[in-house]
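Subject: Structure for you to look at

Dear colleague,

Here is the structure I said I would pass on. Please open it first; my notes follow below.

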Amino acid sequence: MEDIILLSHGNGGENTRKLVEEILGTLGNDILNELLDAAVLPISGKIAFTTDSFIVSPIFFRGGDIGSLSVYGTVNDLSMVGATPLYLSLSFIIEEGFTFSDFRKILLSIKEGAEVSNVRVVTGDTKVVERGKGDGIFINTSGVGIIKNGRDWRKREIKDGDLVIINGGIGEHGISVMLERLGIKAGKSDLAPLNSLVLPLLDRTNGIKFMRDPTRGGVATVLNEISRKYGVGIEVYEDKLPLKEWVKESAEILGIDPLYAANEGKVLMIVDSKDADVVLNFLHEKPDGYDASIIGKVTKSSNRVYLVTHIGTKRILDTLKKDILPRIC
Ligand code: MG
C-alpha cells in the first residue's frame, strides 16, 4: 500500500509524533529540536516580522515547488525591508491521502532553500484535513529578520526624476505556472532568494528609496501601490522592459500581460537617479541581476502609472481588476 498521510497523522498522538520526527529528520536544528510551544530566539535590535500562505497549484512546477516557494517568498519579503532573514515558522495543512514521498520531496526542498538563504526553521505545526477538504498541501509561514544600521530605506524621500529599476525578466513565475497547468513544457519560474542580492546593495548606496518584490499582481500592481502610497506618477517604458522570448510568446498566446504576472525572484526599486549607475553596475555582475534595467521614472506631474508604448503613445497602467492567475503562489 502506498505510504500516505492519514487523518490520524494530525490527531496529536503516535502518528503525529512520527510525522514530526519526519520533519525534524530533515529540518532539525538546536532551536526546532527543543519542541517547545514557542521558539525562543536570541535576537535584539530592529526586528522585521512577516507572514504568508502558499497555495500554489500545481505543487511542483518547473523551477521549484511549494516548499522552496514558501522559504524564498518569506525570505524575500524580509529582504525587501532591508532585514537579514534569520528564522522561519512553517505550518503545514495537509489533505488526507497526500503521499509521504511528495511530503519528503517538499521537506528536502525546504531544507535546501533554507540552507541557500541562510535561515533556520525554528517552529512549526502540522494539521490534516479530510479528503476533499484541501488540495494536497498548503503551507503558512512567518519570518523574522533583523535590520542592520543603514539598511532601513523607509524615511528616504521619493522625488521627481527618481528611477524605477528591476533586476531582470518580468512575469516568469506567473506565466510558467500557467503553462504548467496547461501541460505545456516551456519556460521556468524565476523563483530565487533575494537576500544575498539586495542586502549588500543597500550597504553600497543610500540611493534606494523603495523596494518590493512584484509577486501576485506583478510589476504593474506594485507600481500602482507606489503611486498611491507616495502620491506620485510613474512612467514605464515598454521598450525597456526585460522580457524573455518565451515569456513574450506565451503571454501573447495566453492573453496575459506579463506586467501583471507574478515574479518570485525579482525586486522592483525606486532609486535616486544619481545612484542608478552604482545599482546597475552591482546588479549586472550577479547571476540574478545581469538583465537589470531602468524601466521607468517617477514624475510629480501626475499621480497615475502610465505605459509609454514603443510607438510613443501613453496609456494608463491600472491595478489588476480581475484575477487572471489564481493560485499562483
Ligand atoms: Mg512581497
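Over the ring of which residue does the charged end of Lys105 sit? The ring belongs to Phe60, and its centre is 4.9 Å from that charged end. A second case involves Lys314, whose charged end sits over the ring of Tyr306, 5.1 Å from the centre. Please keep in mind that this is a predicted model.

Next, the aromatic rings. A pair of aromatic rings is described by the distance of the centres and the angle of the planes. There are three aromatic pairs in the structure. One of them joins Trp153 and Phe210: the ring centres are 5.3 Å apart, and the planes stand at 55°, so this pair counts as tilted. Trp153 lies in the loop between β6 (137-147) and β7 (163-166), while Phe210 is in strand β8 (residues 208-212). The two are 57 residues apart, and the pair thus links distant parts of the chain.

Phe210 also pairs with Tyr230, this time edge-to-face, with 5.9 Å from centre to centre and 85° between the planes. Because Phe210 belongs to strand β8 and Tyr230 to helix α6 (residues 218-230), this pair ties together parts that are 20 residues apart in sequence. Through these ring pairs, Trp153, Phe210 and Tyr230 are linked into a cluster.

Phe210 has a relative accessibility of 1%, and buried means under 20%. Tyr230, at 27%, is partly exposed.

Now the metal. The magnesium ion is coordinated by Asp77 and Asp213, in each case through OD, at 2.1 Å. The two residues come from distant parts of the chain: Asp77 sits in helix α2 (residues 66-80), Asp213 in the loop between β8 and α6, and 136 residues separate them. Asp213 is buried, with a relative accessible area of 7%, whereas Asp77 is partly exposed at 25%.

Last, a pair of helices. Two packed helices are described by the angle between their axes and the distance between the axes. For helix α5 (residues 195-204) and helix α8 (residues 276-284), the axes come within 11 Å and cross at roughly 145°. The crossing of α5 past α8 is right-handed. On the α5 side, the contact is made by Leu197, Pro200, Leu201 and Arg204. On the α8 side, Val278, Val279, Phe282 and Leu283 make the contact.

Regards

Methods:
Residues are numbered from 1 along each chain as its sequence is written. This is a predicted model: local features need pLDDT of at least 70, side-chain atom pairs count only at pLDDT 80 or more; totals for chains, interfaces and linings use all residues. Side-chain values use heavy atoms; hydrogens and water are left out. Rings of Phe, Tyr and Trp (its six-membered ring) pair if their centres lie within 6.5 Å; planes under 30 degrees apart count as stacked, over 60 as edge-to-face and the rest as tilted. Helices (H or I, at least four residues) and strands (E, at least two) are DSSP runs, numbered from the N terminus. Buried means under 20% relative accessible area, exposed over 50%, partly exposed in between (1.4 Å probe, protein chains only). A charge sits over a ring if NZ of Lys or CZ of Arg is within 6 Å of the ring centre and within 35 degrees of the ring normal. Donors are N, O and S atoms within 2.8 Å of the metal (3.2 Å for Na, K and Ca); water is not among the atoms, so sites may look incomplete. Axes are lines fitted to C-alpha atoms, for helices over the stretch in contact, and angles run from 0 to 180 degrees between N-to-C directions. A crossing is left-handed if the near helix is turned anticlockwise from the far one by less than a right angle, and right-handed if clockwise. Contact means heavy atoms within 4.5 Å.
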